[in-house]
Amino acid sequence: MEPAPPLYQPVQPHWFYCRRADSKDVWLPFSREDSERLEQALSTGGEEEVVVAVEGERYDVRVRERQRYAVYWEQGPSEVRRCTWFYKGDKDTRYMPYPEEFSTNLEEAYMIAVTLDEWKRKLDFPSGETVILHNPKLIMQYQPIALQDEWVSSPSEQTRPRTVKRGVDNITAEIPDGEPETIDHLVFMVHGIGPACDIRFRSIIQCVNDFRSASLSLLGSHYRRGQEEGRVGRVEFLPVNWHSALHGDATGVDEDIQRITLPSISRLRHFTNDTLLDLFFYNSPTYCQTIVDTVVSEVNKLHSLFKHRHPEFTGAVSVVGHSLGSLILFDLLTNQKTGSGEADRDEGRNRDPCPLTCDALEQALCRMGLQEHLATLQRVDLDLDSLAMCDETDLTDLGIPLGPRKKILSFIRKRHFLQEGRQGTVLLAPGLQAPPDPSEDSPSPTASFGNQSPGASARQQQFLRAQSITSAVDYEYFNVGIGQVSINYPQLAFHPQTFFAFGSPIGMFLTVRGLKRIDPNYTFPTCKNFYNIYHPFDPVAYRIEPMIVSESDLEPMLIPHHKGRKRMHLELKESLTRMSTDLKNNVLGSFRTAWQSLVRMPVAALPPVEDGETTAERSLQETETPAAACAAVREKSKADLWTKILEWPKALHLHYFQGVHEEAESPGSGEDRGRQVKVGMLNGGRRIDYVLQEAPIESFNEYLFAIQSHLCYWESEDTALLLLKEIYDKLGVAFEQPQQ
């Protein structure tokens with residue numbers, strides 16, 4: 001006989017991490033793959049600290065320290081536990097894990113009870129809590145009265161126990177599925193105005209994490225065959241945060257705005273200063289430079305860190321911008337310089353984007369992209385210092401065109417201003433004099449930005465913040481002709497494959513800048529694909545295609561629902577609209593025609609002679625009485641009229657509802673017809689504007705859901721699926737609609 005299995009089986013631990021939500025600690029489980037890696041690292045790591053990458057290598061867990069750290073963004077560490085025992089109170093919605101030491105004591109008592117088959121054991125802990133092991137299936141915890149909630153209404157509530165469970169398999173915990181290790185594509189997502197990105201006031205990090213989770217779920221449902229064949233991995237989404245840099249201590253803008261803010265309606269004014277003012281900051285030359293520098297610096301840093309952690313990655317990179325973030329990316333992409341190879345990109349990444357510190361004429365012209373005018377200036381023996389003394393008339397006499405001439409004059413003004421600042425002179429508005437600071441020593445004329453005394457550093461900070469007051473606002477039109485603020489646009493370290501704009505005001509800003517039409521042949525220098533995605537009720541979104549093809553009235557492309565076909569209320573709305581139109585134009589016309597044919601006398605006409613019929617027979621037929629002929633015509637007209645009336649509902653159903661059903665079953669037909677229209681080269685000749693389908697409840701009142709519609713993209717599965725289709729179409733992976 002085989003020996004009986006032992007009664008006691010060690011509990012299988014599972015690793016959890018803590019997340020703060022709504023002023024409460026919520027414990028969430030790692031995936032089984034991540035939990036197994038953490039358990040293995042704990043058992044084989046010894047006493048040394050071991051770092052394990054989890055959640056798609058976006059977080060690092062220090063196993064001995066029991067802390068989880070974010071890799072790609074700034075976030076405080078969160079606690080990690082190796083969990084074996086859990087509890088839940090009457091008012092709790094989920095089981096909470098015990099501390100590891102508490103769980104160890106419970107496991108030892110459970111082992112003794114199972115081995116000796118002695119139950120009804122009572123465990124008293126130093127904190128005053130009591131746990132009673134009634135049987136393997138019933139274990140309860142009783143808290144002392146001092147630890148109970150002081151707001152309980154009766155003594156009976158003070159003695160309500162907690163339910164205790166052993167092992168993660170005995171609780172209702174939603175353990176996430178593991179993620180594919182292969183990364184097919186990388187996407188950077190840039191937020192819009194303000195620190196919050198959705199209607200729940202969540203940060204860009206939380207919104208991107210939810211968007212990433214939705215994409216993983218859609219890959220499992222719509223690309224299942226590709227995953228089974230090993231051709232589909234996953235898409236990585238990383239957030240890009242620029243708001244904190246703009247409103248941080250480095251710029252001092254919040255302090256300046258707060259000094260001039262009125263004390264009334266303080267909450268509304270704080271919301272305005274923290275969100276809506278970002279639009280005005282972007283139209284300021286000083287703060288626009290800060291914003292674009294932050295975005296490019298953050299994107300390049302994240303790209304470099306991602307390549308370091310994933311050296312095997314060979315996929316493409318795309319960018320996503322929401323609201324103002326889409327305008328920032330649009331302006332950046334229109335000012336990128338084309339280059340071939342990684343060496344040119346490294347050169348663009350490492351060089352100083354600002355040509356103001358150049359000491360040679362050739363270097364300055366190259367930084368401004370005006371090297372073709374170097375020979376013209378050298379012909380008259382002009383160097384950088386003598387160029388600084390030239391005005392617009394001198395440059396016109398040399399034959400320099402208007403565009404390069406404006407760039408050179410702007411460079412001269414900014415360089416002169418920078419040199420004044422280096423000498424410690426803070427330029428103020430005319431008629432104002434900076435008061436001397438008695439606590440500062442006189443700065444040395446030879447002091448540089450890299451080596452200054454504390455007093456000079458303070459003075460330099462004052463100089464930088466005084467730029468927004470003293471320097472003239474210089475708006476220039478670049479060669480692309482879209483009227484951006486005159487700043488130096490830094491270069492990205494890669495060439496994006498696709499640019500997706502969510503709820504974008506790009507069209508409005510281009511129009512306000514004076515641009516009436518986009519050249520159909522225009523494309524981004526380094527990005528060949530562009531999608532403008534918006535909700536129909538979004539008050540911030542504007543279209544792009546009418547600025548390219550203004551002579552035709554093109555409807556935007558309708559984004560299909562991720563579950564297939566069109567939403568039912570949209571099908572019904574479209575059917576009723578077509579029905580009412582046809583009833584007015586066709587059905588009433590048919591009744592009018594039938595009635596006229598009923599009451600009118602037939603017009604005599606000689607019908608053609610049929611084959612085999614003689615002229616005599618025809619003459620005999622013509623001798624019939626006219627009264628009999630009229631009666632026959634009337635009877636036939638009545639029969640045709642009633643036939644039309646009786647068959648009209650069936651024909652109406654076949655024409656509208658069956659036609660809509662057939663159209664819904666083949667959603668690609670309408671999409672293919674829309675894609676055949678060529679709307680310029682901004683998206684490679686394909687359609688640019690894509691509109692989401694509103695939800696049924698949103699169609700009742702579009703004004704109530706206007707704000708929510710501008711913030712809906714982070715949770716929109718339809719939007720995520722459109723991104724995945726664009727990405728994997730270029731990888732040659734077919735999209736499959738799951739059966740409902």
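Analyst: Rings of Phe, Tyr and Trp (its six-membered ring) pair if their centres lie within 6.5 Å; planes under 30 degrees apart count as stacked, over 60 as edge-to-face and the rest as tilted. Here, Phe330, Phe499, Tyr522, Phe524 and Phe530 form one aromatic cluster. This is a predicted model, in which local features need pLDDT of at least 70, side-chain atom pairs count only at pLDDT 80 or more, and totals for chains, interfaces and linings use all residues. Residues are numbered from 1 along each chain as its sequence is written, and side-chain values use heavy atoms, with hydrogens and water left out.

User: How many aromatic pairs does the structure hold, and why is the pair of Tyr223 and Phe735 edge-to-face?

Analyst: A pair of aromatic rings is described by the distance of the centres and the angle of the planes. The structure holds 25 aromatic pairs. In the pair of Tyr223 and Phe735, the ring centres are 6.0 Å apart and the planes stand at 65°, so the pair is edge-to-face. This pair links distant parts of the chain, 512 residues apart: Tyr223 is in the loop between α4 (204-222) and α5 (224-228), and Phe735 is in the segment after α24 (717-730). Helices (H or I, at least four residues) and strands (E, at least two) are DSSP runs, numbered from the N terminus.

User: Is Tyr223 buried or exposed?

Analyst: Buried means under 20% relative accessible area, exposed over 50%, and partly exposed in between (1.4 Å probe, protein chains only). Tyr223 counts as buried because its relative accessibility is 0%. Phe735, at 29%, counts as partly exposed.

User: In what order do the 6 strands of the open sheet lie?

Analyst: Two strands pair if DSSP finds at least two bridges between them. The order in this open sheet is β8-β7-β12-β11-β10-β9, with antiparallel pairing. β8 and β9 (121-124) stand at the edges with a single partner strand each, so one side of each is left without a neighbour in the sheet. Strand β7 (residues 85-88) pairs with β12 (residues 162-166) over 4 bridges, where Tyr87 has Val164 as its bridge partner. Towards β8 (residues 96-97), β7 is joined by 2 bridges, and Phe86 stands opposite Pro97.

User: Which rings does Arg68 lie over?

Analyst: A charge sits over a ring if NZ of Lys or CZ of Arg is within 6 Å of the ring centre and within 35 degrees of the ring normal. Arg68 lies over the face of Tyr17, at 4.1 Å from the ring centre, and over the face of Tyr59, at 3.9 Å.
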